[in-house]
Amino acid sequence: MPSWNIHIAHVEATLRSVGDPSALGIGDQNAFLFGNFVPDINVGYMVKNPDRRIEYRVTHFADPGFMPEPHYWEFWERYALPSADANDRVSDVTLGAWCHLVADNRYNHAVNALLLRRGLKPGEDTRIRKQGDFDLFGRTLRIGMTCEPTPALVRQAAEFPQYAIDVRDARAAVEVANQIVRNNWVNHFDGDPVYRLLSSDFFRTVLDEVQNAIGEGLLAYARQGAVAPELRRERAHA
């Protein structure tokens, strides 16, 4: 499961890919960044003791397990699309949440496919090796984008179409995310890590795949609005 440093890296790469974020349908970069944390906030893993705890299967549209593959298309169809305004636009927090689910789906699908090819079964040892590899990979990324609990962000969090995010939880999530950025600088890993289950080639390949999927979806959204089919391509990695 990609951690928030990996999600932040994808946000930064997305914003670097264009001169103007509006070319990808992004209006408020700060709220968009926050949206990339949203599916994890109320689960209780990253933000301890949230005001309202919501099960992973609800926030990620997948049964929790070793490597669940979130149904990002289900989120879009059930919550994002109906929330679109008269201009066929959704909030930046909603757009960011979709990106989070796409990334989780692609990374987890890639791990599941690799285990299948190798004939490995999920288990405690495999889980520990996998989690350690993701933690190490996250530390190789240079990230610097922090979040601010602005009134616009707090409002969009409260109006998130799937469930309202309490202002206290929104502020707590911002602090957790910003601390992750600080920790990544302190604990940054230079060079080519030695992974226990995965590999540098694996992470490079999947990172590019995720970035392409996010970019393709956002570009289609910018051009076609919330009805863009790229936002709901459920069959590719279902």
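Helix 1 is largely enclosed by the rest of the structure, because 12 of its 13 residues are buried. Buried here means under 20% relative accessible area with a 1.4 Å probe, protein chains only, and helices are DSSP runs (H or I, at least four residues) numbered from the N terminus. The model is a predicted one, in which local features need pLDDT of at least 70 and side-chain atom pairs count only at pLDDT 80 or more, whereas totals for chains, interfaces and linings use all residues. Residues are numbered from 1 along each chain as its sequence is written, and side-chain values use heavy atoms, with hydrogens and water left out.

Helix 1 covers residues 4–16 and reaches 18 Å from its first C-alpha to its last, close to the 18 Å expected at 1.5 Å a residue; the expected span is 1.5 Å times one less than the number of residues. Among its buried residues are Trp4, His7, His10 and Glu12. The buried residues of helix 1 pack against helix 2 (29–35), helix 3 (38–41), helix 6 (92–118), helix 7 (124–139), helix 9 (167–186) and helix 10 (200–224), contact being heavy atoms within 4.5 Å.

In helix 8 (residues 151–158), Leu153, Val154, Gln156 and Ala157 are buried. These residues cover an arc of only 165 degrees around the axis, which puts them on the same side of helix 8; the arc is that of the directions from the helix axis to the C-beta atoms. They pack against helix 2, helix 6 and helix 9.

**Asn108**

Asn108 lies in helix 6 and counts as buried, at 0% relative accessibility. Leaving aside residues up to four places away in sequence, Asn108 touches Met1, Pro2, Met67, Pro68, Glu69 and Pro70.

**Cavity and pocket**

On a 1 Å grid over the protein atoms alone, a cavity is a set of points where a 1.4 Å probe fits but cannot get out, while a pocket is an open set with protein on both sides within 12 Å along at least five of seven lines; lining residues have an atom within 4 Å of a point.

| Site | Volume | Lining by class |
|---|---|---|
| Largest cavity | about 50 Å³ | four nonpolar, one polar, four charged |
| Largest pocket | about 500 Å³ | 11 nonpolar, six polar, five charged |

The lining of the largest cavity includes Trp98, Arg106, Glu216 and Arg233. Helix 6 and helix 10 are the elements that give two or more residues to this lining.

Of the 22 residues that line the largest pocket, the closest to its centre are Met1, Pro2, Tyr45, Met46 and Gln131. Helix 7 gives the most to this lining, with five residues.

Notes. Buried means under 20% relative accessible area, exposed over 50%, partly exposed in between (1.4 Å probe, protein chains only). Grid points are joined across faces, edges and corners, and a volume is the space filled by probe spheres set on the points. Ala, Val, Leu, Ile, Met, Phe, Trp, Tyr, Cys and Pro count as nonpolar, Asp, Glu, Lys and Arg as charged, and the others, Gly among them, as polar.
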